[in-house]
Amino acid sequence: MSYSFFLARKLSLASEGRKSSPAIRVAVTAVALSVAVMIAAIAIILGFKREIRDKVIGFNSHLSVYAIPTDPADNNLITLTPTLRTILDSKEYVTDYALEASIPAILKTPDNFKGVYLKSSEGETISKFLAANLISGKMPDYTKDSDTEKILISQKTADQLNLSTGDKIDTYFMTGSIRVRRLEISGIFNSHFDSYDNVLIYGALPLIQSLGDLSNTQGTSISINVSDFDNLDNYAIDLSGTFADAIASGMIYKYYRVETATNQGAGYFRWLQLLDTNVIVILTLMTIVAVVTLISGMLIIILDKKRFIGLVRSMGASVRSVRKVFIFMALRIAIWGLLIGNIIAICILWAQDRWHLIPLDADSYYIDFVPVELSWISILILNIATLLIIYLSLILPSWLAAKISPAETMRYE
């Protein structure tokens, strides 16, 4: 162990004649608050990304495959043929897929009406998503014939039409001819995504297929979920290329378009990118605050320890060794601040994640509480980076210790 490090450990951080130095307490507090704010900023942005991503995926799935009409007389229906199943099953990154169908509809009450799209809720992902956002009623079991004509509507639609669970509503479908079904509301969901909640209701795939005169293998799209969301664009390119090769080889005879969830929910992901900019600004400002207060504390320590500097210099200590002593002492303050800040931030964020103590305006933020996600890797990187920046910023002001003359400090002793 170097004697600089030994002295830095043993020396008191307090000013001479005082039990504690206000400047040191301010420095520790500033570092603790700065680190806590930075951890909170990262956790909140990660939480927002998770929540927004999950909601976009819930409505759209990771990838969606659509049929491209080849002539004006052709329709945009897609058929889940054995060949398409073989192609999708051959992709290791595809975790599951399901046929989807949607049809325009009009919900009619004695006093009001509303245009919507009735969309199928087949597939495990959409079922879990709707169940997680259900605020009243229950999920229909579409494996039972008795639930085939039950639907899920959004809270926004229920409020507009004054509906509640258990009500039955006349629903008109335009499929060449007007068809009417009296559907029962099994549950009401609220995702806070008005652009989706305002236009979508959910029902059984067989019901939509019967209304549109479709076979049990026909729909409007195929929803696909993949193993790694971060590689979504690469998977979309690979799947599009596979479809192109299949057409060229004569395996399939229809063109298909692959859409990603990031494209379908582009507006929401652009909003998240703006939040990323805000986080960068917060991290920069908080780092500056921590560095400035630590430099101030370090300068005060140097001035308070002038007698010590003169003593060790007169005993042969080098300028570099003296500088190291005060850098290590300032790092002691930083480490205490980091520990306190981490404890405060993690405790508050854990409580928020568990009990949703801090609410949000869902109309503005799409979520009714502040979401957080504790990423231990991010926290570790943040602490290491902060400590490194602090260390580098302390090198220059440590030169002040070298400017103090041993003769000047010893003259009055």
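**Exercise 1. State whether Lys91 is buried or exposed, and describe the salt bridge that the residue forms.**

Solution. In this predicted model, Lys91 has a relative accessible area of 13%. The cut-off for a buried residue is under 20%, so Lys91 is buried. The next step is to identify the partner: the side chains of Lys91 and Asp238 meet in a salt bridge, with an N to O distance of 3.1 Å. The two residues are then placed in the chain. Lys91 belongs to the loop between helix 3 (82-89) and strand 3, whereas Asp238 belongs to helix 8 (residues 232-249). The pair thus links distant parts of the chain, 147 residues apart. Finally, Asp238 counts as partly exposed, at 33% relative accessibility.

**Exercise 2. Describe the salt bridge between Asp170 and Arg182, and determine how far apart the two residues are in the chain.**

Solution. The closest N and O atoms of Asp170 and Arg182 are 2.9 Å apart. Asp170 is located in strand 8 (residues 168-175) and Arg182 in strand 9, 12 residues apart. As to accessibility, Asp170 has a relative accessible area of 26% and is partly exposed. Arg182, at 48%, also counts as partly exposed.

**Exercise 3. Determine how many salt bridges a search of the whole structure finds, and describe the one between Arg50 and Glu373.**

Solution. The search of the whole structure gives 12 salt bridges. In one of them, the side chains of Arg50 and Glu373 meet at 4.0 Å, N to O. Arg50 lies in helix 2, and Glu373 lies in the loop between helix 13 and helix 14; the residues are 323 apart, and the pair links distant parts of the chain. Glu373 has a relative accessible area of 30% and is therefore partly exposed.

**Exercise 4. Classify the aromatic pair of Phe193 and Tyr366, and explain which parts the pair ties together.**

Solution. The count comes to 16 aromatic pairs. One of them is formed by Phe193 and Tyr366, with 5.4 Å centre to centre and 65° between the planes. Planes over 60 degrees apart count as edge-to-face, so this pair is edge-to-face. Phe193 lies in the loop between strand 9 (177-189) and helix 6 (194-197), and Tyr366 in the loop between helix 13 (362-365) and helix 14 (376-395); the pair therefore ties together parts that are 173 residues apart in sequence. Phe193 counts as buried, at 0% relative accessibility, whereas Tyr366 is partly exposed, at 22%. Both residues belong to one aromatic cluster, formed by Phe48, Phe59, Phe129, Phe193, Tyr196, Tyr268, Trp271, Tyr365 and Tyr366.

**Exercise 5. Describe the cover and the pairing of strand 3.**

Solution. Strand 3 (residues 94-100) is mostly covered, since 5 of its 7 residues are buried. Its pairing with strand 12 (residues 221-226) is antiparallel and runs over 6 bridges. Within this arrangement, Val94 stands opposite Val226 in strand 12.

Conventions:
Residues numbered from 1 in each chain as written. Predicted model: local features only at pLDDT ≥ 70, side-chain atom pairs only at ≥ 80, totals over all residues. Heavy atoms only, no water. Buried < 20%, exposed > 50% of the residue type's maximum accessible area, 1.4 Å probe, protein only. Helix = DSSP H or I, 4+ residues; strand = E, 2+ residues; numbered from the N terminus. Pairing = 2+ DSSP bridges. Phe/Tyr/Trp six-rings, centres within 6.5 Å; stacked < 30°, edge-to-face > 60°.
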